[in-house]
Structure formats: C-alpha cells, structure tokens
Amino acid sequence: MVRAHRQGNGSVGDTGRPDAPVFAPGPDGLAHLELILSGAYPLAGFMTREEAESVARGGRLPDGRPWPVPVTLEVPEELVGQERLTLTDLEGAPLAELAVREHWESSGEDTGSRHHLAGDVALLRPPTYGVLRELRPTPAEVRAQRELEPSSDRSLLAVVTDRPLHHRALHQIRAEAEALGRGGERAEVLVILDTGLHDEGLAAAVLAAELLLPPRSSFAVITLPRSEARSASPLGGAWTERDAALAGHVAAAYGATHLLVEAGGRGPETERVMALKPPLTVLDPEPWKYDEGEALWKPFSHVDPREARPELTDAEVEAELAHGRELPSWFTPARVGAELARLRPARTERGLTLLFTGLSGSGKSTIARGVCDGIRRSGRTVTLLDGDLVRRMLSKGLTFSREDRELNIRRIGYVASEITRHGGVAVCAPIAPYAAGRAEFRAMVEEFGDFFLVHVATPLEECEARDRKGLYAKARAGEIPEFTGISDPYEEPTDADLVVDTVGTDPAESVAVVMAALREGGWLPSDQHVSEDRA
C-alpha cells in the first residue's frame, strides 16, 4: 500500500465505517484533506469539475473568491458511483467522511483518464499519523495562543519553507521582523515548515536554526501538495507562483499578516504571486549577498560588487555533501551544516541503485557484472539483479506482455529500493524498455537513496548481429511475440546519467567508463584512496 501511495495512486482498504467504502488517498489528496480538516483551507471539501477548472484557469472559484490551486480527490474507477466514502490514513485509520456531490474525469497525454470525486468532508477523528505530529497545531490553536499574549495585535511574519535556513535567509528574516516590529521589538515569526506526511525530509536541518531566529519565533509543520517543480530537488525545489500563493492562504489561516517564502534566492516573482491575491502581504526583500571584504551578509545594494559572493546553489550544496565535505561557515550555521551532513551523508555511505537499460544483446549484463566486481573491490556491498537471473527467480511465471514486463521491473525496483534503503549497492540489468516503468523504478529507489541510470545504447543492428541466444532470429520468424526492438518498442531514455555504446569497444572499456563516473560522482572512493587503504 505504501508504494502505491508514493506513486500518487490511492488504494482501497477494508476498514472504516460499515456503511461506506474505505479509501486512503494518495499523497496530494491526503495533504489536501488534512489542510481542509485543520481549517488551513477555507473550503468544505474537494472541488467539483467547475470549481477545479475555474481555479486552474483564472485563480478564482466560480463565486469569485481567489484561490490558487485545484483541491481534488483522485480515486480508482471502482469507487465511481459511491454516495459516501470513508477517507483514511495510510494505516487505515478513519479520518473523514466524504459526502459525494459529483464524479468527474480529467485526462492528459501522459496520465490518461483520471477519476475524481467532489463533495464536503466531515471529520471523524483527528489525524495521528505522520512525522512531527507534535509540531502540527491547527491554525485555530495557533491563533488562540496568540490571543492570550499581550502583544497579540502585533504583526506576525510567516516564513514558509521546505528547505534549510542558511545565513542569508536568517539575516533576511531578522531584518524583515525588525522592519515590521514596533516599540523597539521585532515582529513575531512563525516558521511554517512544509515537509512530507511520512518523511521528515530536511525538517531536522530547518529546526536546527531555531536559536538563530528572532525572539518570539515558533514553528508549525504542515504538508502542502507538491508541484513538480518543488519535487525536483532533495534540498527543496523551486516554488511556483501558485505554490507561494497557496502558502499565503495557509499562513493567513494561522493569523499571519505578512509572508516570506524561503525558496532560495528571490523565490517566485512577488507580483505574480500577488496577482493570485493571497489574503496577506507578500514580502519582496532585496537580495542579500555575502561581503567577503567585511565577512558579513548584507543587502546587495550595500555590498561592493567586487566583494559580493552569492550563497551556494542547491547543486553546489549537494556536491559538497555528496563528497563528504563540510559546508563553509560563511554559508550556513554549524548546527544546520551538521544536520545536513547527517541527513545527506557522503555518497560512499549512501545506498545506490544502478539501472542498466538497453536492448537484448547490447552488452548491459556483461558491463553490469564487471561494474559489480569493481564496486566490490572498492569495499562496498553490492548485489547484482540481472535480467535473466531475475526472470528465473523473482519473476518466474511472468510472460513478455507489456503488463508483465512492467510488473517485472516493479519487482526488481522494490528489491533494489530495499537494498538501497539499507545502504547497499544494487546493480540491475533488465531491458526495462518503457519510460514509465523506469520512472517508477527511479521513484521507488530515490525514496531511500540514490539512483544512477546507464543507457547501454548499442544499436539494434549490432545487437542482432551478436544474437548469441538466437532470440532475434526467432523474433523475426514470429516465434517470439512482443520482442523488444522487433515487434515491441524500446523507448530510449532521455534522462540517462550515462550513455555507453559498446560498438567496437572491449567490455572492460565500458566498465571503466561507468566506474570512473561513479568515482567522479562520489559513490566510490577515488583510486588514490583505494590504494592507500590497501597499503
């Protein structure tokens, strides 16, 4: 069930209220549901087609109220026609009852037809699932706590983030809190930490900056639905204007008067966020740079351009962590850097899956075996999941239909993800002909560690010329139906981390190319370190 949710698909359960079918929404549906039930959304439930299309088209509900993102519930086809539905968490505990008002469908080139149910939801029991539950107060609880304080009429600056707060962000927050303050006191700060329901992500690194925030700062953890842009980086992806506007609506529910979205650098364009009309003031602070001459962070206009140094990019931070190097003190506080090093250990200590994909006869199995030997010599634990071996054991009984081939890849992906989760290296060499199957494989692995895709791009004519098993000849004769490259397509990867062509080369050369890429990426120790260890 968990893996289905990770892919964005809900799953039907068999517990809950006896008079209604039970359904556990996927990640976005569950995130929307909790925000509805907590009062963070000013909505009674999930949107109808008219409401969702109106919001997607113009950022407004049909009645004219501004709202930035569609709030929809995707369900499997077997639930269509139900009048009531019990919505549960991933463990099957009932959360709410949905009174179905409408069933509607959406479609896309990549997604096909999707079924949605719309209607109001009624709370059955407060959520108890998920990480950092003790830091998930409802908006009403936060507002009530502020009303008990003498300064409850002061500005409340909400800082919404899904990424660590480095020195630049901390300086900006302190400066904005001071500008919004009065009577010599800074404004209150509420850091709204957006993290997964079941994965803490970078939460510990964000919380590590608590002592460096202004006085009268507090935290609230939420889970916002994830746009594709925000899911792209392990260190917090780019926010769109609609992401930021939704954060503004949620922050306003907590009582915030001002919003600062910490998205790295300047974040989304403020004017476009404001065009979606979140019910508070969205701040657009001046960029800050590090003044190398004075060893201070300052607004860019106060820094000599010759001395200005921008903060590290996400890619640079990831590279430093991947190679086990300490993040520089000018860039991030020591406490934050230490947490990031713990959360993102050096790649030599992370689990890793290598997926070799290519046509039958491309040489991927030979290369994979050589790479396994090299990884083993480097001192890392490695497991080979080769296509033929897996077919005889893990996937015995499966046919070569598209459905069974994708099930084969899914099974290999599951085993590889478990190896990765426990810090090992999995080397997989199936044909993996379909892009969707490879994407699902990648997602399964990257929940727990790193993924490296090698496309062994040997041309079909070369593979067919080798044909030591006689498979291509049988396929040409019609004896093997649905054979990749002949009667069934091979969808070439567009996202390969490395492309290898074996034509006219010795397999050892291809193995050396892969090993060099792994050492350069930091997953294996350098040749020098290996030599020193052996000495």
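**Stop one: a charged network**

Start by selecting Arg163, Arg168, Glu262, Glu311 and Asp314: salt bridges link these residues into a network. Keep in mind as you look around that this is a predicted model. Why might such residues pair up? Because side chains of opposite charge can pair when their charged atoms come close.

Now zoom in on one pair from that network. Arg163 and Glu262 form a salt bridge, with their closest N and O atoms 3.8 Å apart. Arg163 sits in the loop between strand 8 (156–161) and helix 5 (167–180), while Glu262 belongs to strand 11 (residues 258–262), so this pair ties together parts that are 99 residues apart in sequence. Is Arg163 buried or exposed? Its relative accessibility is 7%, so Arg163 counts as buried. Glu262 counts as buried too, at 5%.

How many salt bridges does a search of the whole structure find? The search turns up 39, so let's visit another couple.

Select Arg216 and Glu188 next. Their salt bridge has its closest N and O atoms 2.8 Å apart. Arg216 is in the loop between helix 6 (203–207) and strand 10 (217–222), and Glu188 is in strand 9 (residues 188–194), so the pair ties together parts that are 28 residues apart in sequence.

Then select Arg186 and Glu178, whose side chains meet in a salt bridge at 3.9 Å, N to O. Arg186 is partly exposed, with a relative accessible area of 31%.

Switch to the cartoon view and find the open sheet made of three strands, in the order 14-13-15, with antiparallel pairing. Its edge strands are strand 14 (296–299) and strand 15 (308–309), and each of them pairs on one side only. Strand 13 (residues 288–291) pairs with strand 15 over two bridges, in the antiparallel sense.

**Last stop: helix 14**

Finish by selecting residues 435–446, which make up helix 14. This helix has twelve residues and reaches 16 Å from its first C-alpha to its last, close to the 16 Å expected at 1.5 Å a residue. Which of its residues are buried? Color Gly437, Arg438, Glu440, Phe441, Arg442, Met444 and Val445 to see them.

Notes
Residues are numbered from 1 along each chain as its sequence is written. This is a predicted model: local features need pLDDT of at least 70, side-chain atom pairs count only at pLDDT 80 or more; totals for chains, interfaces and linings use all residues. Side-chain values use heavy atoms; hydrogens and water are left out. Helices (H or I, at least four residues) and strands (E, at least two) are DSSP runs, numbered from the N terminus. The expected span of a helix is 1.5 Å times one less than its number of residues. Buried means under 20% relative accessible area, exposed over 50%, partly exposed in between (1.4 Å probe, protein chains only). A salt bridge is a side-chain nitrogen of Lys or Arg within 4 Å of a carboxyl oxygen of Asp or Glu. Two strands pair if DSSP finds at least two bridges between them.
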